[in-house]
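Trainee: Hi! Could you walk me through this structure?
Mentor: Happy to. Have a look, and then ask away.

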Amino acid sequence: MGSRRDYRSMRSCSGWRRILLLIPVLFLLPHLSSLLGISSDSARSNDARTIPSKKLDHLVLGPVAGQGLSDRLHCRGTKALNKTHGSTSPVSGAGNGVSFVTVFTVYNTSLGNVKSSNMVSVVGNVTYSKPERSMAVLDAFAYFIQVTMPKSNVVILTDPASDLSIQQSNVMVQPVQGDYSRGNLMLQRIRSYITFLEMKLEKNEGGINHYIFTDSDIAVVDDIGAIFDKHPSFHLALTFRNNKDQPLNSGFIAVRGTREGILRAKVFLEEVLKAYKTKYMKASRMLGDQLALVWVVKSHPSFDAKRFTKPQAFTQEIAGASVLFLPCALYNWTPPEGAGQFHGMPLDVKIVHFKGSRKRLMLEAWNFYKSTSNIPDMLCLVLGSGRTKYDF
């Protein structure tokens, strides 16, 4: 009898032991499942990182930044809801001419070559080979200038060996000797700018003609010649943004067309070229010119880099030249930054810069303008489509 009671007691204790042993497992199970979930999420995340995001061959109209801000463009789809660009009559430089100067060359092939099937792009109803689409961007650059500043002309500085055929009446091609290879193009661009200014000093032409050196992937969407009247004392102008590593963008350099302005701008660019060759040759393919530009500006002992944090124009004496600093938000606005540090598109934006993988957007914008003749609506297209990276 006693042994049976002892046996039942032992079985009871054994059962409790099993339950007690299971308690830690019950506590651990949720944590284990959580860890397994994190592991699988991490694996999925790693897989996502290894698959490159596809660049699109069509426009994607997304959310428009800056809505609700009184000084920003408001859009419903591609329709502008508030007014931009109140002035439609040219006011460039109080009667003085303004020329846009860009460096451009074509690589590897003549423009007359047949399209290669694996390098074609379709924009609208037009099919482009790779060199043809570069030419189409250059054409759009000149067309926008013709619309907003009809009295201005475009000068293309290029390799004498380039096969360029430009039909537009406001465009002239100026061959300049140099090394225009891909790895040297940014360095050559500064050299070509200096050579061009030297040519102007030698010719000593009568009258005043101002010069704006730009990338060819920009759209001038309002008359910017007024900067020469509004800021009458500068020799050259640069554009800046609130970016610690790259506060200056070399895609816009304006030069006053007086003899003193041209001379001082030439000397300034020679300082940039010297800094480029001695400090930034490892970045000669990309960004070297901007890094050299920043070095020349920031090395001036009295320069205060904190001024780059506020989007307000200011002037500073640097390397013997009076340099006007203009905010990128107005004079070098870029689509991706419109959703970021610029918080949409200012109503008085002057230049849109389609840098990086947004050349397709520039051609689409020009096609849209041709069909509507409405710049504010076109800017809504750009603002809504600019966050996406495209195939070129």
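Trainee: Where is Asn332?
Mentor: Asn332 is in the loop between helix H7 (328–331) and H8. Helices (H or I, at least four residues) and strands (E, at least two) are DSSP runs, numbered from the N terminus. Bear in mind that this is a predicted model, where local features need pLDDT of at least 70 and side-chain atom pairs count only at pLDDT 80 or more, while totals for chains, interfaces and linings use all residues. Residues are numbered from 1 along each chain as its sequence is written, and side-chain values use heavy atoms, with hydrogens and water left out.

Trainee: Is Asn332 buried or exposed?
Mentor: Asn332 is buried, because its relative accessible area is 3%. Buried means under 20% relative accessible area, exposed means over 50%, and partly exposed is in between (1.4 Å probe, protein chains only).

Trainee: What does Asn332 touch?
Mentor: Leaving out residues up to four places away in sequence, Asn332 touches Thr239, Asn249, Gly251, Phe252, Pro327, Ile351 and His353. Contact here means heavy atoms within 4.5 Å. With Asn249 there is also a polar contact of 3.1 Å between the two side chains. A polar contact is a pair of N or O atoms within 3.5 Å; within protein, one must be able to donate a hydrogen and the other to accept it, and residues adjacent in sequence count only if both atoms are side-chain atoms.

Trainee: New topic! How many disulfides are there?
Mentor: Searching the whole structure gives 1 disulfide, where a disulfide is a pair of cysteine sulfur atoms within 2.5 Å. Cys75 and Cys380 form it, with their sulfur atoms 2.1 Å apart. The pair links distant parts of the chain, since Cys75 is in strand E1 (residues 75–76) and Cys380 is in helix H10, 305 residues apart.

Trainee: Is the link of Cys75 and Cys380 left-handed or right-handed?
Mentor: Left-handed, with -85° about the S-S bond.

Trainee: And are those two cysteines buried or exposed?
Mentor: Cys75 is buried, with a relative accessible area of 11%. Cys380 counts as buried too, at 0% relative accessibility.

Trainee: OK, what about the nonpolar core? Which residues have the most contacts inside the largest one?
Mentor: Those are Phe100 and Leu379, in a core of 67 residues. Helix H2 (residues 130–148) gives the largest share of this core, 9 residues. A nonpolar core is a set of buried Ala, Val, Leu, Ile, Met, Phe, Trp, Tyr and Cys residues joined through side-chain atoms within 4.5 Å.

Trainee: What does Phe100 touch?
Mentor: Not counting residues up to four places away in sequence, the contacts of Phe100 include Phe141, Ile145, Met149, Val155, Ile212 and Ile224. There is also a second, separate core of 43 residues, which includes Val155, Tyr180, Ala265 and Phe314.

Trainee: Why is strand E3 largely enclosed?
Mentor: Because 6 of the 7 residues of E3 (residues 97–103) are buried, the strand is largely enclosed by the rest of the structure.

Trainee: Which strands are joined to E3?
Mentor: E3 and strand E8 (residues 209–214) run parallel, joined by 5 bridges. Strand E6 (residues 153–158) also runs parallel to E3, again with 5 bridges. Two strands pair if DSSP finds at least two bridges between them.

Trainee: How many residues of helix H6 are buried?
Mentor: H6 (residues 288–298) has 8 of its 11 residues buried, and the helix is mostly covered. Among the elements that cover those buried residues are helix H3 (185–203), helix H5 (259–279) and strand E13 (321–327).

Trainee: Last one: what is the phi of His343?
Mentor: Phi of His343 is near 55°, a positive value in a residue other than glycine. Most residues other than glycine have a negative phi. His343 lies in the loop between helix H8 (335–338) and strand E14 (351–353), and it is partly exposed, with a relative accessible area of 48%.

Trainee: And Ser373, what is its phi?
Mentor: Ser373 has a positive phi of about 55°, although it is not a glycine. Ser373 sits in the loop between helix H9 (359–372) and helix H10 (375–385), and it is exposed, with a relative accessible area of 55%.
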